[in-house]
Amino acid sequence: MLEVRSLAIPDVKVVRTERFSDARGYFCETFRRSAFAEKGIPNDFIQDNQSCSEPVGTVRGLHFQRPPFAQAKLIRVLKGAILDVAVDLRRSSPTFGRHVSVKLDSESDEQLFVPKGFAHGFCTLQPQTVVFYKVDEVYSPAHDGGIHWADSDLAIEWPVKASEVRLSAKDRTLPNFDQLVSVFE
């Protein structure tokens, strides 16, 4: 069974799969193209990515890829927990510049679907958090972009103080939202 519910920005969706447990542990089917298509997520995912963040308070993002390499993502936590965030970058959208956030963990069987046109990032809530995500376009360094994670105009309530956050060198220098040139119509 597959449950899909929209968040405050309706194109961003939480996907919940059913878990079957017994004395050995559990089994769940995390993706079947036909089932997702029936629920309004017809994306053809072509690349899988995985990250491990050792310390709590690691922020990865807010990232996106410019067209023609824009990516939709299906994010799941294999170990640990994250606060996952999606920021709407579609200028024609009524939710342009707004964000949604959701806690994902390895116990909930929930995934987050983020369509093309959004910046995406997350903050780890537990040590040694492992995040797995599918994308529907390959990574292209030439089309890589991002927004600074702590931009006050976005008003994201991150669970980490700026003085304690762990960031990559690249993420420290990302521009603020108001400096972003139009990327998605």
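Q: Two strands pair if DSSP finds at least two bridges between them; which residue of E12 stands opposite glutamine 50?

A: Strands of a sheet pair through backbone hydrogen bonds, either parallel or antiparallel. The strands named here are DSSP runs (E, at least two residues), and helices are runs of H or I with at least four residues, both numbered from the N terminus. In this predicted model, whose residues are numbered from 1 along each chain as its sequence is written, local features need pLDDT of at least 70, side-chain atom pairs count only at pLDDT 80 or more, and totals for chains, interfaces and linings use all residues. Side-chain values use heavy atoms, with hydrogens and water left out. Glutamine 50 stands opposite phenylalanine 132 in E12, and cysteine 52 has valine 130 as its bridge partner in that strand.

Q: What is the strand order of the open sheet of five strands?

A: The order is E9-E8-E11-E6-E13, with antiparallel pairing. Strand E9 (99-105) and strand E13 (144-146) are the edge strands, each pairing on one side only. Within the sheet, strand E6 (residues 59-65) and strand E11 (residues 118-124) pair over three bridges, and valine 59 stands opposite cysteine 123 in E11.

Q: What geometry does the aromatic pair of phenylalanine 64 and phenylalanine 184 have?

A: A pair of aromatic rings is described by the distance of the centres and the angle of the planes. Rings of Phe, Tyr and Trp (its six-membered ring) pair if their centres lie within 6.5 Å, and planes under 30 degrees apart count as stacked, over 60 as edge-to-face and the rest as tilted. A search of the whole structure finds five aromatic pairs. Phenylalanine 64 and phenylalanine 184 form an edge-to-face pair, 6.1 Å centre to centre with 70 degrees between the planes. Phenylalanine 64 lies in strand E6 and phenylalanine 184 in the segment after helix H2 (169-172), so the pair ties together parts that are 120 residues apart in sequence.

Key:
Two strands pair if DSSP finds at least two bridges between them.
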